[in-house]
There are 2 protein chains.
Amino acid sequence: MDTVRVFCPATIANISCGFDVLGLCLDAVGDEMIIKKVDRPGVVITKITGQDLPLETEKNVAGVAALAMLNALKSDAGFEIEIHKGIKAGSGIGSSAASAAGAVFGINKLLNEPFTKAELVAFAAEGEKIASGVAHADNVAPALLGGFTLVRSCDPLDVIAIPVPDELMAVVIHPQIEVRTEDSRAVLKENIPLKKAIVQWGNVGALVAALYSNDYELLSRSLHDEIVEPHRSILIPGFDKLKKAALKAGALGCGISGSGPSIFALTKGETNAKEVASAMKNAYADFDIQHDIHISKINTKGTVVI
Amino acid sequence: MDTVRVFCPATIANISCGFDVLGLCLDAVGDEMIIKKVDRPGVVITKITGQDLPLETEKNVAGVAALAMLNALKSDAGFEIEIHKGIKAGSGIGSSAASAAGAVFGINKLLNEPFTKAELVAFAAEGEKIASGVAHADNVAPALLGGFTLVRSCDPLDVIAIPVPDELMAVVIHPQIEVRTEDSRAVLKENIPLKKAIVQWGNVGALVAALYSNDYELLSRSLHDEIVEPHRSILIPGFDKLKKAALKAGALGCGISGSGPSIFALTKGETNAKEVASAMKNAYADFDIQHDIHISKINTKGTVVI
């Protein structure tokens, strides 16, 4: 095997109370990548379709992640990478993470898997560094491993895969506006009230318990964010209206995907997912903002060969 | 049945990262209470042994909790309560919670269980109000329900019972010094850095995941407290030395029980629990402070009839 074609899924990070630690993997949206082993050492991005992104290896998250992995192996193998973006850059559903995950996953396959999927997370996170300045793993972990993931610690990296209730579905609406990373960071407070932090970690513990025990009601009660959402949501026009519509239509919870502008809702079952998607679409009709809506199962496999 | 004799166990609240939300129930330490149904309406505390505590119903946590429950039932039943304290007041292992839990549990039995154990938590928490000023449930929940409990929310009360790995044990050392509640509150900061809060809620999520998945190593990695322990531990002479000794002897983690002065360590298995207890005892030998040491299984039953 000297060529592999992989599907690299979109992901939702910062799931309500789980800011910076909880992520989940989507099924319905993702990129495709074709990775070829070649004689010339190094990594070359030969083609990118669907989005306007840099081809230079050192400026591309897939290139940087691939190089981090090859450096760790002290390998002089060579690879050519084609990236076909299904995920829009800047949408808040892990576009750069998907590329980073796909690159290390594909190359690992072509090298006969020197690393486990869990071990690949660290290399993919290196790729994230050039997208966001930080080697964060809250999108690359679910992109690689699938399901829900908890990043307990970034340094050393400690990622926990958490089970997913069977009927859990996600709805994602992507308003096509730009939220600048600087802005989404600037609105965060450096210090937060201890009282609110306690509420948040009570909810994180409850959310994890709900996932292990298939308790959709508890999941719903725990999907709150007292810390970040109140500040970041002001950067997303119509957030409050969309959230209200989603919850009224029966969503278990609703929040900002990553640092936005996408907004996610979680639901029990596909029927409710469709109702929630429709309610969110209707609520957004008044806003003159182009948007996509995705309805997705939770992807429990993560990045895979197709 | 007009008399019931109950065992009301000691508990550990504020388990490391789980400040104000996570508690667990001990097996080896507790109170006994004898509750008798009588003709005269109301609640009378007839006897307290083992500790010097108020007999007046309205000043005693057991009395207040019992009245809260009878008021909710609009009941004019009457009860006499004897309390035999095995738990030292002010030790930080839920002395007042045990009395509150025992009172409502026993009366509920004598009334043919109008409430579930979970429903009793709110009444017992009312009793806690006179001990600490707040109707907190992080000791009464594990005292009643047993095992590990997560208090997701106090208002409305939302308590989640979390499974306990079979071999988990607790060691508790109680240095017989007084930590004044005012002092243990005064050292807490009203605001905390967001970065530390994220670490904390990552650990809470991981701790819950570890309990569901019987992952002792993950449990150990998550038993950290970045927020409260650094401040409160200065009120407990020898804390750092004891913690170091416990961890060196193989404890999974070690922290302050409740708001102290007791210090707990968690271990895998009884053999290690004994080693950890011995190491803590040796480490405390230099300190001229009287202390008790308890080695206990995690009590999965909570308050029971004996």
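**Working chat on chain A**

Modeller: In residues 65–147 of chain A the end C-alpha atoms lie 22 Å apart, and the span is 57% helix and 8% strand (helices are DSSP runs of H or I with at least four residues, strands runs of E with at least two, numbered from the N terminus). This is a predicted model, where local features need pLDDT of at least 70, side-chain atom pairs count only at pLDDT 80 or more, and totals for chains, interfaces and linings use all residues. Residues are numbered from 1 along each chain as its sequence is written, chains are lettered from A, and side-chain values use heavy atoms, without hydrogens and water.

Colleague: What does UniProt list for residues 65–147?

Modeller: The unreviewed UniProt entry gives "domain: GHMP kinase N-terminal" for residues 65–147 of chain A; such annotations may be inferred rather than shown by experiment.

Colleague: New topic: how many disulfides are there over all chains?

Modeller: The count is zero, a disulfide being a pair of cysteine sulfur atoms within 2.5 Å. For A:Cys8, the nearest cysteine sulfur is that of A:Cys25, 10 Å away.

Colleague: Is A:Cys8 buried or exposed?

Modeller: A:Cys8 is buried, at 0% relative accessible area (buried is under 20%, exposed over 50%, partly exposed in between, with a 1.4 Å probe and protein chains only).

Colleague: Where is A:Glu167 found?

Modeller: A:Glu167 is in the loop between strand E6 (157–162) and strand E7 (168–175) of chain A, and A:Glu167 is partly exposed at 42% relative accessibility.

Colleague: Which residues is A:Glu167 in contact with, leaving aside neighbours within four places in sequence?

Modeller: They are A:Tyr216, A:Thr267, A:Lys268 and A:Gly269, where contact means heavy atoms within 4.5 Å.
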